[in-house]
Amino acid sequence: MSDCRNRGHSAYWAFLVHRVSGLALALFLPLHFLALAQALRGASALDAFLAWTRSPWVVASEIALVFALAVHLTGGLRLLFVEFVAWESATQKTLIAVAGGIAAFCAVAFALNVI
Amino acid sequence: MTARGETRLWLLQRASAAVLAICVAVHLITIIVAMRQGLTAAAILSRTHGSIGWAGFYGIFVLAVAVHAPIGLRAIAHEWLAWRGRASDAVVVLFGIALLALGGYAIAAVVR
């Protein structure tokens with residue numbers, strides 16, 4: 001099938017961000033579950049893991065993951081709205097900007113508490 | 001897959017998305033508040049240990065994500081890798097089962 005998406009439209013970039021963030025979250029989830037399962041070995045095992053998560057690269061990855069989670073949520077809500085409520089061309093760019101803005105706010109709120 | 005099967009997957013993807021919208025919003029708020037209070041094993045376990053409410057919440061969360069993520073990965077396999085058919089369907093179903101098992105394991109670890 002030929003790909004005829006209009007890559008110049010912000011909706012294409014919203015689609016791409018939604019897909020890449022979803023892929024990242026799907027790949028991260030098994031690791032997240034395994035990390036939480038450290039608690040089965042006791043609170044000290046979980047604390048040892050949490051201490052590792054305070055290294056700068058892990059913190060940066062966590063901020064990116066929070067952004068991915070938030071942008072997948074807000075982008076997904078936009079899609080549900082478009083599919084089940086109404087499609088209005090004129091408001092799409094505004095909705096995409098609002099979705100990105102709320103996600104950025106969540107990532108910054110997380111970053112301010114973790115750094 | 002038949003057109004009816006594809007339609008069912010599409011509906012399941014949207015229904016699980018609606019459930020996840022609530023779960024992710026609660027999870028994001030919990031993450032930000034938890035980080036503000038300092039993330040320690042004691043803080044996490046004091047919130048979740050023996051809590052039927054959190055066990056139920058995370059149970060629904062894991063179930064919804066185990067439905068949602070494999071359908072999304074299937075679309076990526078189809079559109080980006082041109083990988084269709086029973087093999088790709090089997091791989092994403094196995095991924096969903098793995099998410100369900102690992103998620104259940106994680107919930108048991110923090111709630112027990």
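Good morning. In chain B, helices α3 and α4 cross in a right-handed manner, meaning that the near helix is turned clockwise from the far one by less than a right angle. Helices here are DSSP runs (H or I, at least four residues), numbered from the N terminus.

This is a predicted model, in which local features need pLDDT of at least 70, side-chain atom pairs count only at pLDDT 80 or more, and totals for chains, interfaces and linings use all residues. Residues are numbered from 1 along each chain as its sequence is written, with chains lettered from A in the order in which they are written.

The axes of α3(B), residues 52-79, and α4(B), residues 86-111, come within 9 Å and cross at roughly 160 degrees; axes are lines fitted to C-alpha atoms over the stretch in contact, and angles run from 0 to 180 degrees between N-to-C directions. The pair is therefore roughly antiparallel, a term for angles over 145 degrees.

I turn now to A:Val114, in helix α4 of chain A. Leaving aside neighbours within four places in sequence, A:Val114 is in contact with A:Val59, A:Glu62 and B:Met35, contact being C-beta atoms within 7 Å. The C-alpha atoms of A:Val114 and A:Arg54 are separated by 8.5 Å, although the two residues are 60 apart along the chain.

How values were computed
Helix = DSSP H or I, 4+ residues; strand = E, 2+ residues; numbered from the N terminus. Parallel < 35°, antiparallel > 145°, perpendicular 65-115°, else oblique. Contact = placed C-beta atoms within 7 Å.
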